[in-house]
Amino acid sequence: MYNYKKELPKLLTDQGQRNLIKSLDHVRKILKKSGAITMDSALLNHTSDSWENMAYVDRLVDVGVIREIQQKNKTIAQNRIFVLVSQK
């Protein structure tokens, strides 16, 4: 089962930081075109472990680059929706 805190140490390595930047570039590119991105679309840019890939997206939430849109009903992880945090 996915556990962000368990995946986080992988993200904090040199390679993890490189992958985070790639993830950020991919997510921003899609958000620029559409305004929102699903977790599924965000994961298309990665080739490593699915849980690690999900953690990259959750890390972008943690650092305040994107935020998750809370949905009325519980949804599967791939259908989570994210938007850019507005820069003031």
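I began with R80, which forms a salt bridge with E68, the closest N and O atoms being 3.0 Å apart. A salt bridge here is a side-chain nitrogen of Lys or Arg within 4 Å of a carboxyl oxygen of Asp or Glu. R80 sits in the loop between β2 and β3 and E68 in strand β2, so the pair ties together parts that are twelve residues apart in sequence. I noted that R80 counts as buried at 13% relative accessibility, and E68 as partly exposed at 25%. Buried means under 20% relative accessible area, exposed over 50% and partly exposed in between, with a 1.4 Å probe and protein chains only. Salt bridges with shared partners join D58, E68 and R80 into one network.

The model is predicted: local features need pLDDT of at least 70, side-chain atom pairs count only at pLDDT 80 or more, and totals for chains, interfaces and linings use all residues. Residues are numbered from 1 along each chain as its sequence is written, and side-chain values use heavy atoms, with hydrogens and water left out.

I then listed the contacts of R80 (heavy atoms within 4.5 Å). Leaving out residues up to four places away in sequence, R80 touches I37, T38, M39, M54, D58, E68, Q71 and T75.

By the salt-bridge rule I count four in the model. K10 pairs with E7, the closest N and O atoms being 3.0 Å apart. Both are in helix α1, three residues apart, which puts about one helical turn between K10 and E7. E7 is buried at 4% relative accessible area, while K10 is partly exposed at 36%. D14 and R18 also form a salt bridge, 3.0 Å from N to O. Helices (H or I, at least four residues) and strands (E, at least two) are DSSP runs, numbered from the N terminus.

Next I looked at the largest nonpolar core, which has 18 residues; V27, I37 and F82 are among those with the most contacts inside it. Such a core is a set of buried Ala, Val, Leu, Ile, Met, Phe, Trp, Tyr and Cys residues joined through side-chain atoms within 4.5 Å. α1 (4-11), α2 (14-34), α3 (39-43) and α4 (50-62) each supply at least two of its residues. The largest share, five residues, comes from α4.

What does I37 contact beyond its neighbours within four places in sequence? I37 is in contact with V27, I30, L31, A42, R80, I81 and F82.
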